[in-house]
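Open the model in your viewer and keep the selection panel at hand. We will go from stop to stop.

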Amino acid sequence: MLGNPTAARFETALARLEGTGSAVAFASGMAALSAVLLVRASMGLRHVVAVRPLYGCGDHLLTAGLLGTEVTWVDPAGVTDALRPDTGLVLVESPANRTLAELDLRALAHACGSVPLLADNTFATPVLQRPVEQGARLVLHSATKYLGGHGDVMAGVVACDEEFAGRLRQIRFATGGILHPLAGYLLPRGLSTLPVRVRAASATAADLVRRLAADPRVARVHYPRIGGAMIAFEVHGDPQEVIAAVRLITPAVSLGSVDSLIQHPASISHRVVGETDRRGAGVGDRLLRMSVGLEDVEDLWTDLDGALGAEAGSRAPSGARGTPRPATAHR
Ligand SMILES: *Cc1c(COP(=O)(O)O)cnc(C)c1O
């Protein structure tokens, strides 16, 4: 419970990658976020300022106040005005879940003053973005995603200075959200291929984005300027039909694996967020999100092209499309 050399190897590597003095690993990304909130709440700093959209469970955790925190949701421009004497944390995600919206982290860090800015860097990874260089004090990862990279690990990590790390370890020790040693073994293996995986998947994603943007069956494509392997797009037709028609791409949540996944945020990952808040955060009913893996780009496009054809109304007679796979009802 106090320490594990295998897990410590991963923590040291991640701290180096993010450019911080320390890093503390947890059993999951949500355990990592919970520990950060508990550290601040235990210091009497129960107020959190946060920018939407955030990862769905993080949004829910803050909105429901399950850990005794109180949240004020703001636009990036409203951060300074929302700060109070008991504000312990400003929480952002960039590029953000589902819509892939990007924030100016440098301006945000400035707006936070002495309150620590936590940036969720799960989507970009330190290969594409190092938030500490832009003024963030805490960097959070769901290591379940790109850092592990093969869809077979659950883990979370917070990169921070040694003082905050000490407090996080205290919470981790007392609440039990520790990293499993097997995960601690798999994560450095994931890290050793991280740059190669992220660059290859990003190149494929950028190629798919070009094709989708030129396709009349697609209303809108979202892709961050910094690149990455996550793409989001809105279709004119029924997004569920696209999901039911893909063959190579797996209909499932999560992201960051070698396998490409597709999901419908409004009904899966963001169903825990209220409808008005969800739409306000840009997660519309026709939005699809895809995590691009390491398959050949032509195979992926053939799959998407076929699935979009089905959603445009030119679909094959019923029965010809096989049995649609159900979307995984988790996260
Ligand atoms: C998945 C995810 C989380 C939560 O991580 P878990 O490891 O699934 O608990 C937090 N933030 C982002 C951006 C995520 O994608």
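Start at the largest cavity, which has a volume of about 60 Å³. A cavity here is a set of points, on a 1 Å grid over the protein atoms alone, where a 1.4 Å probe fits but cannot get out. Grid points are joined across faces, edges and corners, and the volume is the space filled by probe spheres set on the points.

This is a predicted model: local features need pLDDT of at least 70, side-chain atom pairs count only at pLDDT 80 or more, and totals for chains, interfaces and linings use all residues. Residues are numbered from 1 along each chain as its sequence is written, and side-chain values use heavy atoms, with hydrogens and water left out.

Select the lining: Tyr146, Gly149, Arg197, Val198, Ala201, Gly256, Ser257, Val258, Val292, Gly293 and Leu294. Lining residues have an atom within 4 Å of a point. Six of these are nonpolar, four polar and one charged. In this scheme Ala, Val, Leu, Ile, Met, Phe, Trp, Tyr, Cys and Pro are nonpolar, Asp, Glu, Lys and Arg are charged, and the others, Gly among them, are polar.

Next, colour by domain. Domain 1 covers 5–192 and domain 2 covers 193–314; such bounds come from an automatic or database domain assignment. Their centres, taken over C-alpha atoms, are separated by 25 Å. Across the boundary, 31 residues of domain 1 are in contact with 36 residues of domain 2, contact meaning heavy atoms within 4.5 Å.

Where does the second largest cavity lie? Both domains give residues to its lining, so it lies between them. Its volume is about 40 Å³. Select Pro95, Leu100, Phe123, Ala124, Leu128, Pro224, Gly227, Gly228, Ala229 and Met230 to see the lining. Eight of those residues are nonpolar, two polar and none charged.

Now the largest nonpolar core. Such a core is a set of buried Ala, Val, Leu, Ile, Met, Phe, Trp, Tyr and Cys residues joined through side-chain atoms within 4.5 Å; buried means under 20% relative accessible area (1.4 Å probe, protein chains only). Select Phe10, Leu208, Phe233 and Met290, which touch the most other members among its 52 residues.

Last, zoom in on Met290. Beyond its neighbours within four places in sequence, Met290 contacts Leu208, Ala229, Met230, Ile231, Ile249, Ser260, Leu261, Ile262, Leu300 and Leu304.

Note on methods: Buried < 20%, exposed > 50% of the residue type's maximum accessible area, 1.4 Å probe, protein only. 1 Å grid on protein atoms, 1.4 Å probe; cavity = no way out; pocket = protein on both sides within 12 Å on 5 of 7 lines; lining within 4 Å.
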